[in-house]
Each structure stands twice: as C-alpha cells, then as structure tokens.
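Please walk me through this protein chain in plain terms, one region at a time.

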Amino acid sequence: QLCGLFHEAAYIKTFLTARLSSAHLKCLFVCWLAVLVGSWVVYVEYSSYSELCRGRQCTAAMCAKYRKGLVDGSACSSLCDKDTLELDKCLSTHAAKQVYSGMWGDLEGVVRCRMDEAPAYDVGSQMEAGKEAAALFDTPPTGTSVEKFREMILDHLKAKVDEEQANLGELTARALAAADANKDGRISLAEARSSWALLQLNDFLLALALQERGHTPKILGFCGDLYVTEKVPNAPLYGVRAPAWTPAWVRRAADHWFTPAWHHRAKISMGLLELVEDLFHGAFGSFLMCDLSAAHFGYTGRYDFRVADAQNIVPQATFQEAIRQQRCDRDTDCVYGVDCLTSCDLTKRRCTPEVAEPNLVKACRVLEDYVLQGAPSDIREELEKQLYACMALRGSAEQAEIQHSLVLNNLKTLLWKKISHNKDS
C-alpha cells in the first residue's frame with residue numbers, strides 16, 4: 001500500500017511538471033509574439049517617420065539657397081542665421097511636403113517646406129508637377145522691373161483662376177505687398193523669386209486670398225518657398241491624431257469621445273459652411289475641396305473654424321485643366337485627392353472637367369456625423385432634413401447655383417438661430 005502511495009505521488013508530480021512546462025511554454029510563446037508584434041510596430045513607425053520627416057534636410061537646402069543669394073524672406077534670417085525659428089513635431093503626410101510644428105521666437109506656428117525631389121507615389125504632386133521654377137528659383141529673370149513682375153503675377157493668376165468675376169487686381173496687389181518681406185518699399189530679385197515660387201503653391205495662394213476672412217491661418221513669414229503660418233490650436237476637427245495602424249472602430253469611437261459640446265460644434269460647422277460659401281465664386285475665384293478629412297481642419301480656443309491643411313483645396317480652373325489631360329478607362333480613374341471625382345468620356349478616353357459633387361455636398365457629409373449627433377431635439381428633425389437635402393445635390397454648383405445657395409443659407413440660419421443666444425458664439 002505504501003508503494004502504491006509513492007507511485008501515485010510520483011505520477012501526480014510528473015503530471016504537474018508536464019502541466020507547468022506546458023504553461024511555461026505558452027507564456028514564452030505569448031511573450032515572444034508580443035515582442036515580435038511590438039518590434040514590427042516600432043519598425044513600421046520608424047520607417048514611416050524617416051521617410052516622411054526630412055525637415056532638417058529641407059531647411060538646410062533652403063538656407064544654402066539663402067546664403068547664395070537665390071532666395072530671401074522675413075523668415076530667412078531667423079531660420080538660417082539666428083536659429084530662432086525651430087522645427088518641433090513632424091506633421092508630414094507626404095515626403096515632398098514637409099510640415100512641422102515649430103516656434104518662431106515666442107510664436108507657435110506651422111512650418112511648411114517643399115523638398116526639391118517629389119517621389120513618384122506622391123499623389124498630391126500630380127497637379128503641381130510643373131513647378132520647376134519653384135525648385136530652381138530662376139523666375140523672374142535678372143533685370144525684371146516691378147511693373148513687369150506685376151504683369152507676370154497677374155497672368156499667372158489668370159491661368160490659375162481663369163474667372164472674369166475674380167478680383168485678380170487686388171490679389172496681385174496682395175502678392176506684391178507680401179513679396180516686400182522687409183517692408184523697405186522695394187522688392188529685391190531674391191524676394192521676387194521667393195514670392196513667385198510661393199504663388200505656385202495652391203495652399204499659399206488660398207491663404208493669401210482668404211487672409212481677411214479668418215478661415216485660414218495667418219501667414220507669418222517665408223524664406224524661399226518655405227513659409228510659416230499660425231498654428232491651429234485644435235486639430236483635427238474631431239477625435240485625436242491616431243497612428244495609421246489603429247483599428248477603424250477605435251478611431252471612430254475616439255471621434256465621438258473627443259468632440260466639443262454641441263453648441264460649439266454648431267459654431268464650428270457654421271465656419272465650415274462659410275468657407276464653402278467663400279470658395280464658391282468668391283472674390284478671387286472658385287476653389288475645390290478635394291479632401292474633407294477631419295485631419296485637415298480644426299478650430300481655435302473660441303471655437304472658430306480654421307483650415308489646418310489647405311494642400312487639397314485647389315483653384316477650379318487649375319483642377320479642370322489638369323483633369324482634362326488625364327487618361328481613363330472608367331469613372332474611378334478620374335479622381336484627384338480623395339473626393340474630387342469627375343466622369344470618364346469613353347469616346348475620348350479622357351476625364352471630363354466637371355466635378356460630380358460640389359463642395360457643399362462633401363461638407364454636409366462631414367456635418368451629418370459631426371453636428372447631427374447630440375443635436376437638440378427641437379431642431380434635430382429639421383437639421384437632418386436639411387442635411388439630406390444638401391447631400392442630394394448633384395452636378396457642379398454652377399449647374400444648380402440657386403438651389404446650392406438656398407440649401408447653404410437654410411443650414412446656416414437653422415444653426416445660427418439655435419446658438420445665437422450663447423455668449424461665446
């Protein structure tokens with residue numbers, strides 16, 4: 001009997017040892033898997049960062065041009081001599097378009113700098129591929145008078161905007177005033193070449209055109225085609241900046257968790273609608289919004305709407321000229337950015353120039369999720385009705401101008417009636 005007990009105890013010991021060994025192996029496997037996944041995430045993030053974030057190279061190249069006398073601007077001395085303009089966090093989404101938060105003395109800002117070489121996969125460069133002048137800084141040529149430079153700018157804006165009702169004379173005057181970086185009443189050749197390079201950029205052109213409307217951050221200064229704007233305090237428009245590998249359901253949940261109160265969202269939404277109004281037959285022509293992702297927009301501490309990234313807001317004439325040259329086999333081939341879509345003319349195998357949806361439709365699609373959620377019960381039904389009427393608009397805004405304006409005004413009036421009594425609105 002005693003031998004039987006010893007035998008049973010030995011069996012139990014062997015069984016427990018085997019179970020523990022199995023559990024130990026499972027634990028080791030889980031730990032190994034966690035290390036593998038963690039290492040992969042770190043590698044992906046580092047590879048993405050090193051590819052996208054080359055701001056030091058960009059600023060070094062610009063300072064080399066500044067020291068050779070090729071470029072000039074109000075930011076050059078701070079960037080290249082005094083080191084008072086400093087890059088901070090990388091915000092770039094394309095390697096050819098370097099974007100950093102930064103400090104200029106005591107001012108917080110956003111620094112935008114273009115790399116000379118544009119990778120072939122950079123979708124955002126497809127409509128600005130002809131910027132050899134911006135990279136070489138050889139326009140205008142030596143000996144150009146201020147009056148001749150004025151004519152060059154006006155002709156350039158006519159080609160960009162191509163609208164008779166646009167007040168291009170005033171926009172030209174703004175561009176000339178901005179070119180005089182040191183405000184000495186004269187425009188040097190380096191200043192002229194820098195401002196010419198900047199005028200090739202759609203986002204700078206938009207900021208210049210809308211600087212008095214308050215929807216775009218104020219331009220603080222420039223050096224060559226590097227320029228600095230005010231920082232938008234709160235961006236993206238809602239949610240948080242999550243890594244690309246974050247699951248979609250997590251990002252969507254964060255979008256709903258990290259949003260302002262409804263009456264603040266209503267005020268921000270009115271700002272977006274006012275921007276759409278300004279871009280549709282505005283004083284300086286029409287522009288198309290080709291990516292209304294939340295990351296491209298934000299708001300101030302007083303909940304005033306701001307464009308945080310205008311690289312995908314393009315002059316309509318520029319867009320139409322480029323899209324006409326694009327070959328296609330189906331409608332899905334005719335797209336710029338994320339959501340500027342046209343149709344394919346199968347007889348010519350070319351894209352047609354008219355966008356399928358006006359800016360207002362895309363804005364209302366954003367507002368459906370942004371302002372309808374949590375809306376007060378007394379206006380929710382009417383707000384939903386107006387948003388659906390907006391999203392039902394088809395064709396370009398020019399083809400349905402009256403209906404476009406009516407829907408826009410109805411939405412603004414509805415929101416304003418609800419929030420006008422709030423002191424911070």
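**A walk through the predicted model**

Arg349 lies in the loop between β12 (344-345) and β13 (350-351). The structure shown is a predicted model. Arg349 is not a glycine, yet its phi is positive, at about 55°. Most residues other than glycine have a negative phi, and most peptide bonds are trans. Arg349 has a relative accessibility of 37%, so it counts as partly exposed.

Asp83 is another residue other than glycine with a positive phi, here near 55°. The loop that holds Asp83 runs between α3 (76-80) and β1 (85-90).

Pro140 sits in the loop between α4 (132-136) and α5 (146-161). Another cis peptide bond links Ala235 and Pro236, and its omega is about 10°. Pro236 belongs to the loop between β5 (226-230) and α9 (248-257).

With these local details in place, we can turn to the chain as a whole. The protein chain contains 14 helices and 13 strands. It has 425 residues, of which 47% count as buried. Among contacts in the protein chain with a separation of 6 or more, 64% are between residues 24 or more positions apart.

Thr300 is in the loop between β7 (297-299) and β8 (305-307). Is Thr300 buried or exposed? Its relative accessible area is 13%, and the cut-off for buried is under 20%, so Thr300 is buried. Thr300 and Pro233 are 67 residues apart in sequence, but their C-alpha atoms are 5.5 Å apart in space. Setting aside residues up to four places away in sequence, Thr300 touches Pro233, Asn234 and Arg306.

Along the chain, Asp339 and Cys290 are 49 residues apart, while 5.3 Å separates their C-alpha atoms. Which residues does Asp339 contact, leaving aside its neighbours within four places in sequence? They are Met289, Cys290, Asp291, Leu292 and Lys362.

Next come the aromatic rings. A pair of aromatic rings is described by the distance of the centres and the angle of the planes. How many aromatic pairs does a search of the whole structure find? The search finds three. Tyr299 and Tyr303 form another pair, with ring centres 5.7 Å apart and planes at 15°. Why does this pair count as stacked? Planes under 30 degrees apart count as stacked, and 15° falls under that cut-off. Tyr299 is buried, with a relative accessible area of 12%. Tyr303, at 21%, is partly exposed.

The last stop is a pair of helices. Helix α13 (residues 377-391) packs against helix α14 (residues 401-419) at an angle of about 160°, and the axes are 10 Å apart. How are α13 and α14 directed relative to each other? Angles over 145 degrees count as roughly antiparallel, and therefore α13 and α14 are roughly antiparallel to each other. The crossing of these two helices, α13 and α14, is left-handed.

Which residues of α13 and α14 meet? From α13 come Asp378, Ile379, Glu382, Leu383, Gln386, Leu387 and Cys390. From α14 come Val407, Asn410, Leu411, Leu414, Leu415 and Lys418. Sorted by kind, the residues of this contact are eight nonpolar, two polar and three charged.

Key. Residues numbered from 1 in each chain as written. Predicted model: local features only at pLDDT ≥ 70, side-chain atom pairs only at ≥ 80, totals over all residues. Heavy atoms only, no water. Phe/Tyr/Trp six-rings, centres within 6.5 Å; stacked < 30°, edge-to-face > 60°. Buried < 20%, exposed > 50% of the residue type's maximum accessible area, 1.4 Å probe, protein only. Axes fitted to C-alpha atoms, helices over the stretch in contact; angles between N-to-C directions. Helix = DSSP H or I, 4+ residues; strand = E, 2+ residues; numbered from the N terminus. Parallel < 35°, antiparallel > 145°, perpendicular 65-115°, else oblique. Left-handed = near helix turned anticlockwise from the far one by under 90°. Contact = heavy atoms within 4.5 Å. Nonpolar A, V, L, I, M, F, W, Y, C, P; charged D, E, K, R; others polar.
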